[in-house]
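Q: I'm new to this one and would like a walk through it. Can we start with whatever stands out?

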Amino acid sequence: MVKAVVLGAAGGIGQPLALLLKSNPLITELALYDIVNTPGVAADLAHIATPAKVQGFLPADDGLTKTLTGADVVVIPAGVPRKPGMTRDDLFKINAGIVRDLANGIAKSCPNAFVLVISNPVNSTVPIVAEVLKKQGVFNPKRLFGVTTLDVVRASTFVSEILGDLSLSKDIVVPVVGGHSGVTIVPLLSQSSHPLPAGIAQADYDTLVNRIQFGGDEVVKAKNGGGSATLSMAYAGAEFAFKVIRALKGEKGIIAPSYVSLEADAEGAAALTKELGQELAYFSSNIELGVDGVAKISPLGALTDAEKTLIQAAVPELAKNIQTGVNFITEAR
Ligand code: NAI
């Protein structure tokens with residue numbers, strides 16, 4: 001029995017994500033929460049012939065508590081998306097408060113659930129959730145994940161385009177590490193399961209890195225004020241959620257990059273810190289998932305000089321983003 005929850009389920013990401021979760025027979029209960037429209041979304045999904053029992057809740061009548069009680073996995077895409085010209089950090093003012101309030105609900109109703117944060121800026125919203133859970137005395141660093149899977153999915157797709165064969169994309173694995181915004185997104189292309197063409201021009205390599213780091217902007221621009229990535233994000237969010245669910249059902253050896261608290265694995269964190277040359281409280285690296293959540297944080301491994309330079313640019317920006325999230329809770333009056 002697996003109960004999955006989507007908070008922000010009526011939104012651009014929330015609806016297709018809920019559809020994909022409803023399509024997975026491993027999920028037996030699906031609870032949808034938003035400030036609007038969830039009864040309709042739930043009624044619609046409930047007619048799909050898969051095992052999950054679907055319910056939709058609104059804030060009235062303690063809907064958040066009803067949504068979260070008994071949850072195993074909680075996915076959070078609640079909040080506002082970017083418009084052209086905005087960075088993910090510009091969303092902080094609104095989304096920080098939304099995520100804080102939802103985290104308080106999680107602390108109260110399902111403190112042991114796996115929490116998957118999609119709401120941006122992920123580099124700061126994950127520390128916000130952690131600080132709320134710490135304040136309530138229920139923080140388990142092994143069970144909190146920032147969803148960076150879309151960066152990984154984009155990397156697979158863009159590398160397959162360079163290799164001239166989109167059908168390869170489903171098999172291409174590129175570790176994308178660091179965080180989830182701009183220069184904090186660091187694709188380790190030298191570790192791609194499918195190497196780039198030998199002798200790729202420096203300009204083409206730089207363009208590829210830039211496209212992985214700023215791929216979200218392509219979508220924001222094309223939607224022209226209509227929001228940011230929703231369908232590809234729902235696909236990526238579901239892919240990561242399914243991995244977490246398979247792990248909690250006992251499957252071993254599942255590895256995926258995710259932005260996690262380095263408190264989740266002291267040994268892995270020590271190795272990573274040595275590589276980074278600086279201590280960070282959160283970082284996205286390849287994570288081995290287990291029944292209890294994060295089983296192991298992998299080190300970065302051998303990097304090219306170009307990748308080392310990207311990491312050097314990412315670290316100070318990440319440190320700043322993390323502090324912004326932490327301060328939002330610890331300095332709140
Ligand atoms: P959207 O505006 O279409 O949907 C957001 C939903 O959140 C709306 O239905 C809204 O009613 C709901 N909401 C607002 N306040 C809420 C609250 N207090 N409780 C529950 N629900 C609430 O936005 P979209 O496109 O679905 O994006 C959602 C978030 O995901 C944004 O912050 C966006 O930046 C982020 N995102 C993250 C990505 C990632 O890779 N991690 C990629 C793309 C977007």
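Q: Where does Asn-224 lie?
A: Asn-224 is in the loop between H7 and helix H8 (231–248). This is a predicted model, so everything said here is about a prediction.

Q: What is phi like at Asn-224?
A: Phi is positive there, about 50°, although Asn-224 is not a glycine. The residue comes just after H7.

Q: Is Asn-224 buried or exposed?
A: Exposed, because Asn-224 has 9 C-beta neighbours inside 10 Å, and 12 or fewer counts as exposed.

Q: OK, back up to H7. How far apart are the end C-alpha atoms of helix H7?
A: They are 30 Å apart. Helix H7 covers residues 202–223, which is 22 residues, so at 1.5 Å a residue it should span 32 Å, and the two values agree.

Q: Where is the kink in H7 centred?
A: On Phe-214, with an angle of about 65°.

Q: Which residues of H7 are buried?
A: Val-209, Ile-212, Gln-213, Gly-215, Gly-216, Val-219 and Val-220.

Q: Let's take H6 then. How many residues of H6 are buried?
A: 10 of its 14 residues are buried, so H6 is largely enclosed by the rest of the structure. Among them are Asp-151, Arg-154, Phe-158 and Val-159.

Q: What do those buried residues of H6 pack against?
A: They pack against S7, S8, H7, H8 and strand S9 (254–261).

Q: How far does H6 reach?
A: From its first C-alpha to its last, H6 reaches 20 Å, close to the 20 Å expected at 1.5 Å a residue. Just after H6, Gly-164 has a positive phi of about 75°.

Q: Changing topic: what domains is the protein divided into?
A: Domain 1 (2–146) and domain 2 (148–329). Their centres, taken over C-alpha atoms, are separated by 21 Å.

Q: How many residues does the contact take from each domain?
A: It takes 44 residues from domain 1 and 45 residues from domain 2.

Q: Which elements supply the side of domain 1 that touches domain 2?
A: Helix H1 (14–22), strand S4 (73–76), H4, strand S5 (114–117), helix H5 (122–135) and strand S6 (144–146) each supply at least two residues. H5 gives the most, with 11 residues.

Q: What kinds of residues are on that side of domain 1?
A: They divide into 28 nonpolar, 7 polar and 9 charged.

Q: Now the ligand. Which residues are closest to the ligand?
A: The closest are Gly-8, Gly-11, Gly-12, Ile-13 and Asn-120, out of 33 residues that surround the ligand.

Q: What classes make up the shell around the ligand?
A: The shell has 18 nonpolar, 12 polar and 3 charged residues.

Q: Which domains does the shell around the ligand draw on?
A: Both domain 1 and domain 2 contribute, with at least three residues from each. By element, the largest share of the shell comes from helix H4 (residues 92–109), with 3 residues.

Q: You mentioned Asn-120. What is the peptide bond from Asn-120 to Pro-121 like?
A: That bond is cis, with omega near -5°. Pro-121 is in the loop between S5 and H5.

Q: One more region. Where does Asp-34 lie?
A: In the loop between strand S2 (29–33) and helix H2 (38–45).

Q: Is Asp-34 buried or exposed?
A: Buried, because Asp-34 has 25 C-beta neighbours inside 10 Å, and the cut-off for buried is 20 or more.

Q: What is Asp-34 in contact with?
A: Leaving aside neighbours within four places in sequence, Asp-34 is in contact with Gly-8, Ala-9, Ala-10, Gly-11 and Gly-14. Gly-8 and Gly-11 are also among the residues closest to the ligand. Leu-7 and Asp-34 are 27 residues apart in sequence, with their C-alpha atoms 6.0 Å apart in space.

Q: What about Asn-37, where is that found?
A: Asn-37 is found in the loop between S2 and H2. Its phi is near 65°, a positive value in a residue other than glycine. Asn-37 is partly exposed, because 16 other C-beta atoms lie within 10 Å.

Notes. Residues are numbered from 1 along each chain as its sequence is written. This is a predicted model: local features need pLDDT of at least 70, side-chain atom pairs count only at pLDDT 80 or more; totals for chains, interfaces and linings use all residues. Helices (H or I, at least four residues) and strands (E, at least two) are DSSP runs, numbered from the N terminus. The expected span of a helix is 1.5 Å times one less than its number of residues. The bend at a residue is the angle between axes fitted to the seven residues ending there and the seven starting there. Two residues are in contact if their C-beta atoms, placed from the backbone, lie within 7 Å. A residue is near a molecule or strand if its C-beta atom, placed from the backbone, lies within 6 Å of it. Ala, Val, Leu, Ile, Met, Phe, Trp, Tyr, Cys and Pro count as nonpolar, Asp, Glu, Lys and Arg as charged, and the others, Gly among them, as polar. Domain bounds come from an automatic or database domain assignment.
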